[in-house]
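Here is a short briefing on one protein model. Keep the sequence and the 3D view open as you read.

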Amino acid sequence: MIRQQDLGDGVAALLYACDGALNTLGASLNRELGERIDALLADDGVKGIVIGSDKPDFIAGGDLKELRAAPDPASVVAIVAPFLDALRKIEKGGKPVVAALPGTALGGGLELALACHQRIAADNASARFGFPEATLGLMPGAGGTQRLPRLIGIAAAAPMLLDGTRLSLADAVARKLIDQVVAPADLLESAKQWALANPGATQPWDRKGFAAPGFAVQSATGRQFFAGAWARASRGAGASNLAARAILECLQQGMGRSLDAGIVIETRQFARLAASNDAKNKIRTLFNGVNHAKSMKMRPSGLPPSTLRHLAVIGGGVMGRGIAHVAALAGLQVTLLDMSDEAARKSHDEIARNATREHEKGRLRMTPQALLSRIEPTADYARIAQADFVVEAVFERAEVKQAVLERTAAVVGQDVPIASNTSTMPITGLAAYATMPARVIGLHFFSPVDRMPLVEVIRARQTSDATLARALDFMKQLGKTPVVVNDGLGFFTSRIVTTYSSETLNLIGEGVPPQLIDNAAVNAGFAIGGAALAELTTMPLLADILKSMRGDGQRIANAGNRAEPTVAALLTLGRIGKAAGKGLYDYGPEGRAVWPGLALAFPPAGDPLDEETVRQRLFAVQSLEAVRALDDGILDQALDGDVAAVLGWGYPAHLGGVFGYIDRVGLPAFIAQCESLAARFGARFDPPRRLRDMAAAGQTFYPDEATR
């Protein structure tokens, strides 16, 4: 609802007061805004209007649940049309309208603020301003692609629109999105006084002779800018970057026309995007799924919240350094323990170098010195005795981890949780080496730790509710997105990623060119192809991974699998990977080229495969193994698996994830596709019984999309 308040002296305030913690825009609220604006503009006693919020923040954007339920573009237009009309009435109604922003304004909230004649913000360090729609496969749909560049210029507006950048209050002021900053207690009064002092307020783009800052679309600079922007949007995006293309279309076409004509273009593009499967999949996984994970609903109930103060990290390698970095950044005191004092100091020095680089790029929230002061390097186990949580991140070898866990458990308090940062080793087996195995849990961080949001939380058979609760509290302190899974070989993420890598190697072993494999993945939305990923991982490490994930060798994922002999053959031939300058590709001063000896080492096993068949194989093995993980009880629900896929290994978000992909193809079609692949390439493509039963019952993994 919108609450109306008389501020006195002829100024009325419209204060958003939605149910729930945040204000979100929807069809009914959009209509209400239009009705209230009509009434206030028609009232001769009203001299000015202030639009604000009864909540700590302004407006978080549109109601994504309502938008996601819209079945077609016409239904999307019906939601936003009243809002578009209200914004133009605000701009051209003849009375000053001021946005009073107590905190964050995102998406439609910022679009409403841009339509006001003045934007006054409370001094709120946590406030953020931006258009995050593109991260969900959407775009601004209430004039954002038109008003923002008219206010700050195309060059400054484009990154905000294309990247979903969220600005701090200071940056928003510097970019001229915010006109004034006042004390929170003075917000409404300051807005009122501005309205009274500016009775003839108009928008700059509605004045005769207006020209947007910066270059014009058809200028030489403008043509050069858009040529580069279109190239970047298309590079490696395949069919997955519809939002970027739509935004560029709006900028290029709309900014050469009037505001109203530009908004017509934007509305058409927005409605098309919002009704697309791409956007619906991204909203489900990246908004609904991530919010569910961050809500901590999987945290055992009845246990008091905990706050960690002292973290011990054992192992100063890449992962250990990353965990120490993010923990210190979150305010924890960290003891970083390594094999020797010298090794610990070197790890500390490497953290310092990384922190300095991040600070120079403006990505560090504190000075490097402040961060480093919270990290103590040592080789003395006695220094971790007072820690209230431990993460071991030592070399991925069973005997090494077992020795570390045994020694750690003897030093720290008996109720202190001990987490293993392992990507493949079952936690239940490792826990046997610690006194009180109930306090052992798995925390699988992803590299680089400071940028990757996902942490796979692995609950072993012995892990207690108290340990799980404290681990999730730790994740909340770090600001990570936790997905809780049960213990098993490779857990969820490593188990599924291994099938992607192994199928890539199967294809290589069959004589399929690596560039075809990479193109099949990249054109479908992966940031990197399977062959290129194998080159970065290196063949020796891949050999270790495949061996560790073999299990008893009887898993159906191994049926017809020739990945291990393929890697062994490459190693015999000295083909290590990109780091060595020679792998599937040769690397030289002029770039990379397919190694000429590859076709001799792995001659074609049959008729050449087309890109679509390769793509089906790469995607099918991941989804099939995900279903088997669900059957094995590794996952509790499909949505957790899709969040892990998109955030953990860069699965194309527009497909929704490994389970969303099956729904997108359609269960009957997916089963038929897998049966055909099984007949040609091996039983690893046989559809599990669960899928056949679901298809027979007409079920899907996401049966109630409109309400999810």
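Which backbone nitrogen does the side chain of N421 reach? The side chain of N421 reaches the backbone nitrogen of F445, at 2.8 Å.

This is a predicted model: local features need pLDDT of at least 70, side-chain atom pairs count only at pLDDT 80 or more, and totals for chains, interfaces and linings use all residues. Residues are numbered from 1 along each chain as its sequence is written, and side-chain values use heavy atoms, with hydrogens and water left out.

**Around N421**

- N421 sits in the loop between β14 (418-420) and α17 (427-431). Helices (H or I, at least four residues) and strands (E, at least two) are DSSP runs, numbered from the N terminus.
- N421 is buried, with a relative accessible area of 7%. Buried means under 20% relative accessible area, exposed means over 50%, and partly exposed is in between (1.4 Å probe, protein chains only).
- Neighbours within four places in sequence aside, N421 is in contact with residues including M319, V391, E396, K401 and F445. Contact means heavy atoms within 4.5 Å.

**Salt bridges**

- A search of the whole structure finds 36 salt bridges. A salt bridge is a side-chain nitrogen of Lys or Arg within 4 Å of a carboxyl oxygen of Asp or Glu.
- Side chains of opposite charge can pair when their charged atoms come close.
- E396 and K401 form a salt bridge through their side chains (3.7 Å, N to O). E396 is partly exposed, at 31% relative accessible area, whereas K401 is buried, at 0%.
- R88 and E91 also form a salt bridge (2.6 Å, N to O). Both residues are buried.
- R88 and E91 are 3 residues apart in helix α3 (residues 73-92), so about one helical turn separates them.
- An α-helix has 3.6 residues a turn, so residues three or four places apart point the same way.
- A network of salt bridges links R88, E91, R147, D206 and D260.
- The side chains of E611 and R615 meet in a salt bridge (3.0 Å, N to O). They lie 4 residues apart in helix α25, about one turn of the helix.
- E611 counts as partly exposed, at 24% relative accessibility.

**Helix α18**

- Helix α18 (residues 465-478) has 14 residues. From its first C-alpha to its last, α18 reaches 20 Å, close to the 20 Å expected at 1.5 Å a residue. The expected span is 1.5 Å times one less than the number of residues.
- Buried residues of α18 include T467, L468, F474 and L478.
- The buried residues of α18 pack against several elements, among them α13 (318-329), β13 (389-392) and β15 (440-445).
- G479 follows α18 and has a positive phi, near 75°.

**Helix α27**

- In helix α27 (residues 658-665), the buried residues are V658, F659, G660, Y661 and I662.
- These buried residues pack against helices including α12 (277-294), α25 (611-631) and α28 (667-681).
- G666 follows α27, with a positive phi near 100°.

- Strands β1 (residues 2-8) and β2 (residues 11-16) pair in the antiparallel sense over 6 bridges. Two strands pair if DSSP finds at least two bridges between them.
- Q4 has L14 in β2 as its bridge partner.
- The hairpin has 2 residues between the strands, and D9 takes a positive phi near 60°.

Definitions and conventions. Polar contact = N/O pair within 3.5 Å; in protein donor to acceptor, adjacent residues only side chain to side chain.
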